[in-house]
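Please examine the sequence and the structure shown below. The paragraphs that follow lead from single residues to the chain as a whole and back again.

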Amino acid sequence: MASLYRSAEARQKIRDWCTTRIGRWPTAHRTAEISTRAGPTHLVVANEDAQRPLGAPAVVLLPGTNFNAATSLVLATELARHWTTYLLDVPGQPGLSGPDRPSRHRLAFYGQWLGEVLDHAVGRPAILLGHSLGGGIALACDSPLISGRVLISPAGLTRLSVSRRVLSATLPWLLRPTDTRSTRLLRMMSGPHGAPGVELAAWMTLVAGNCRSSLAPAPLPPSTFAQARNAAVNLVATGEHDIFLPPARLRTPTTRDLHTRLHVLPGAGHLATEEAPRRISTLVAEAVRRGTTGR
């Protein structure tokens with residue numbers, strides 16, 4: 001295990017930013033922390049007491065690399081209108097969970113971690129909504145509580161495409177982060193009409209200055225896909241303009257390994273969770289319906 005933070009002060013800066021943003025979120029919610037094999041795990045539970053149809057599953061949101069519950073509130077607001085929603089901070093990623101990340105077999109480790117969270121914090125059937133790294137974690141988890149998965153630009157299916165253009169924006173951001181460089185990188189990760197907010201740019205600057213970067217995980221083994229297909233439904237989507245996992249790159253492994261078709265989110269990039277929350281909510285609704293009826 002290795003800590004992602006450069007110092008104790010760096011960790012506190014991240015925690016302060018996240019705590020402040022979650023505290024300002026107007027959607028009804030509570031926060032909690034549980035102990036897991038990956039260390040302390042922080043979660044936000046939204047609209048827990050709202051009336052839901054009998055047997056309706058919860059939705060568990062797993063953010064991507066460098067993101068967390070506090071940066072996922074646009075999508076979470078939409079989800080919580082319909083379902084009790086759990087937002088998880090992945091340990092070893094910037095946020096309010098533990099700082100240590102596994103050095104080997106990362107997705108397998110996180111899959112076991114997620115099983116613990118589902119058992120001890122959710123305790124009911126759940127639709128997993130995973131973005132990027134979170135999608136790979138959702139695929140690696142074999143908990144019997146999973147009634148379906150919605151995977152947005154998921155890691156674990158194939159290697160990410162990293163072009164020279166992406167590197168030209170990423171390296172300066174890592175070496176000497178500024179809000180201008182963060183905005184440039186976020187625009188590259190967005191669709192052509194995307195406009196990353198000032199707050200998200202400030203977050204990315206904070207991450208680059210206080211955290212150690214992590215690489216994308218390798219593709220999962222065939223045995224993992226075989227068990228993932230046991231879920232009632234697996235829906236996979238990516239943005240039309242995703243720079244890391246464009247439709248042309250993700251379509252074949254989606255069909256081959258998960259036996260399902262790829263949904264393309266028009267106009268969106270890799271930050272589809274920011275750009276297309278209603279479209280993603282529609283996919284979750286389909287997963288809920290099919291997970292409940294078995295069709």
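**A guided reading of the predicted model**

Leucine 200 counts as buried, because its relative accessibility of 10% falls under the 20% limit for that class. Leucine 200 belongs to helix H7, which covers residues 198-210. Apart from neighbours within four places in sequence, leucine 200 is in contact with Phe67, Thr71, Leu186, Leu271 and Glu274. Between leucine 200 and leucine 4 there are 196 residues of separation in sequence, while their C-alpha atoms are 20 Å apart in space.

The chain as a whole may now be considered. Its secondary structure comprises eleven helices and ten strands. For 295 residues, a compact globule would have a radius of gyration near 19 Å, and the 18 Å of this chain agrees with that expectation. The C-alpha trace spans about 50 × 40 × 35 Å along its principal axes. Of contacts between residues at least 6 apart in sequence, 72% join residues at least 24 apart. Buried residues make up 58% of the 295 in the chain.

Helix H2, residues 73-80, illustrates burial at the level of an element. Six of its eight residues are buried, so the helix is largely enclosed by the rest of the structure. The buried residues of H2 are Leu73, Leu75, Ala76, Glu78, Leu79 and Ala80.

A loop can also hold a buried residue. Glutamine 93 is placed in the loop between strand S5 (85-88) and strand S6 (100-101), and glutamine 93 counts as buried because its relative accessibility is 2%. What does its side chain approach with a polar atom? A polar atom of the glutamine 93 side chain lies 2.9 Å from the backbone nitrogen of asparagine 66. With residues up to four places away in sequence left out, glutamine 93 touches Leu4, Tyr5, Thr65, Asn66, Arg101, Leu133 and Ser214.

Not counting residues up to four places away in sequence, proline 172 touches Leu167, Pro177 and Arg181. Proline 172 and isoleucine 146 are 26 residues apart in sequence, and their C-alpha atoms are 40 Å apart in space.

Most residues other than glycine have a negative phi. Serine 132, however, has a positive phi near 55 degrees. Serine 132 sits in the loop between strand S7 (126-131) and helix H4 (133-140). Histidine 259 likewise has a positive phi of about 55 degrees although it is not a glycine, and its place is in the loop between helix H9 (247-258) and strand S10 (262-265).

Is each of these two residues buried or exposed? Serine 132 counts as buried, because its relative accessibility is 11%. Histidine 259, by contrast, is exposed, because its relative accessible area is 57%, and the exposed class begins over 50%.

Terms used. Residues numbered from 1 in each chain as written. Predicted model: local features only at pLDDT ≥ 70, side-chain atom pairs only at ≥ 80, totals over all residues. Heavy atoms only, no water. Helix = DSSP H or I, 4+ residues; strand = E, 2+ residues; numbered from the N terminus. Rg over C-alpha atoms; globule rule 2.2 N^0.38 Å. Buried < 20%, exposed > 50% of the residue type's maximum accessible area, 1.4 Å probe, protein only. Contact = heavy atoms within 4.5 Å. Polar contact = N/O pair within 3.5 Å; in protein donor to acceptor, adjacent residues only side chain to side chain.
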